[in-house]
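Open the model in your viewer and show it as a cartoon. Keep the sequence panel at hand for selections.

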Amino acid sequence: MRRLLPFVCLMFASPLFAQADRYELGRRAHAFEVAWDEKADDAAAKKRAAPLVNKAVQQFYMLKLDGAARELDAARHALDSADPAPAAVKWADSLQVIPEARMVDASAADMTVTVKRFYKPDVEAPGSPVVRMKLGTGKAVEMPLGLLPAKIKVPVKDVPGTASADFKLTAEILVDGKVLATRVIGVSRVEKLAERLAGVKKSFAEVPIPPKTIEDASFGLLVKTLSDTMKKEPPETDLPLSRFLFGAERLSKIDEPYYLPSRPGEFWLSIPTEKAKTGTVIRIRIPAKLEERKDPVPVLVALHGINGSENAFFDGYGNGIIPRLASERGWIVIAPRAEGLLGAGPAPPVAAILDALAKRYPIDPKRVYLLGHSIGAAHVVKAAQKDPGRYASIAALGGGGEITKPEALKDVPFFVGCGKLDAGLKDARALRQTLTDAKVPCTLKEYDDVEQILIVRESADDVFKFFDKK
């Protein structure tokens with residue numbers, strides 16, 4: 001299974017690495033994908049970067065996060081120029097920025113942030129490097145970067161804005177006044193943090209287990225996420241933690257349904273299902289003015305790969321291109337979390353999730369689309385056979401899947417996409433052949449200079465053109 005690891009999901013949970021290192025490598029993967037997006041029409045730039053991305057993936061397969069980060073940074077620079085990055089930039093790239101906490105009390109004067117080396121660069125440190133940091137639009141503070149690791153105090157209390165808010169901590173590495181590298185990390189400031197967190201924990205103690213409603217299950221999810229963060233377990237990605245606490249407080253005080261068509265936006269929910277004691281975690285995006293639409297709306301369910309989570313398609317995978325394209329069409333987007341080690345356990349109970357949400361939202365049962373990446377590709381193939389007739393179209397990216405009930409797939413068109421540099425290409429071709437033999441409509445597209453980290457981004461437009469046909 002190791003070859004199926006979706007490298008882009010390194011910002012997400014895995015017991016193999018320190019959480020701060022997982023987060024850091026995930027942010028570098030994200031920075032690379034943003035840069036790749038900016039070179040969408042530059043074939044030469046992409047051809048320069050692709051081999052370096054492949055090296056990064058191989059480093060990760062060997063569990064060398066530092067080597068993977070170095071190659072990703074080199075690939076990002078290769079998109080801009082065929083020349084190597086300047087030595088000072090390489091040194092700045094190698095640094096990691098770690099806040100002491102991701103959630104701090106609004107009364108705190110400041111917070112400590114550590115700057116350390118994430119990997120050993122192949123260059124000497126430049127003369128007189130400086131780090132400059134600020135929280136939100138607060139006062140910027142600077143200090144020389146002599147010996148590493150270095151610690152700097154960043155103001156918290158006097159940052160403009162509401163007492164409870166989600167901010168960005170911006171750290172810049174400078175030499176001679178020139179910014180060589182920038183890191184941006186989510187940090188939340190919360191008024192009366194300890195008191196409010198204790199209050200929601202007390203309220204949650206009265207919630208029945210297993211929870212009966214989406215509200216109760218989601219209340220538990222929010223409380224657990226906040227509690228884990230306070231134990232200095234940094235989130236896998238930047239989460240709106242002050243909003244999580246506000247949401248938990250709201251849920252602790254109501255008995256009626258809270259998640260309804262009249263409440264648009266993005267939510268982290270837990271859906272009570274028979275197979276999950278505390279519910280199946282999803283991230284969902286609800287379009288605006290859904291309650292005013294006369295007709296039911298399409299739904300896209302996106303299943304992540306190994307080492308992924310409900311955040312993968314929103315915060316990774318082509319810089320969130322799948323939810324973005326679905327939202328442009330006014331669709332509901334659902335990304336469930338697969339359980340088990342590295343997210344490689346059983347597929348999420350897609351049908352049960354849809355049944356529960358259909359009681360709240362105007363879901364069109366004839367336009368439910370499934371998309372899966374890596375092991376998620378295998379999961380969507382399995383889901384389509386388990387519940388025939390429920391899905392309009394299937395997209396399997398960067399992987400294959402086992403066909404055991406071909407008759408269940410008779411009228412379900414498949415799009416299979418895979419990079420030519422992807423070790424999963426053989427599985428994708430085998431899936432296409434099996435579907436073709438079973439007379440299931442199937443389109444296979446192979447992408448040049450693409451492997452697992454880029455397949456979602458590069459195939460996204462083709463996938464949605466395919467979905468739009470049905």
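Strands here are DSSP runs of E, at least two residues long, numbered from the N terminus. This is a predicted model.

Start with arginine 102. Its place is in the loop between strand S1 (95–99) and strand S2. Is arginine 102 buried or exposed? Its relative accessible area is 8%, and the cut-off for buried is under 20%, so arginine 102 is buried. Now show its contacts, skipping neighbours within four places in sequence. Among them are Tyr23, Thr229, Asp238 and Leu241. Ile185, Gly186, Val187 and Ser188 also touch arginine 102.

Next, select strand S8, residues 178–190. Strand S2 (residues 103–105) runs parallel to S8, joined by 3 bridges. Find aspartate 105: valine 190 in S8 stands opposite.

S7 and S8 form a hairpin with 2 residues between them. Zoom in on aspartate 176 in that turn, where phi is positive, about 55 degrees.

Now move to the helices. Select H2 (residues 43–61) and H3 (residues 65–80). Their axes lie 8 Å apart, at an angle of about 175 degrees. That angle is over 145, which means H2 is roughly antiparallel to H3. Show side chains where they meet: H2 brings residues including Leu52, Val53 and Phe60, and H3 brings residues including Leu65, Leu72 and Leu79. By class, this contact has 13 nonpolar, 2 polar and 5 charged residues.

Key
Residues numbered from 1 in each chain as written. Predicted model: local features only at pLDDT ≥ 70, side-chain atom pairs only at ≥ 80, totals over all residues. Heavy atoms only, no water. Pairing = 2+ DSSP bridges. Helix = DSSP H or I, 4+ residues; strand = E, 2+ residues; numbered from the N terminus. Buried < 20%, exposed > 50% of the residue type's maximum accessible area, 1.4 Å probe, protein only. Contact = heavy atoms within 4.5 Å. Axes fitted to C-alpha atoms, helices over the stretch in contact; angles between N-to-C directions. Parallel < 35°, antiparallel > 145°, perpendicular 65-115°, else oblique. Nonpolar A, V, L, I, M, F, W, Y, C, P; charged D, E, K, R; others polar.
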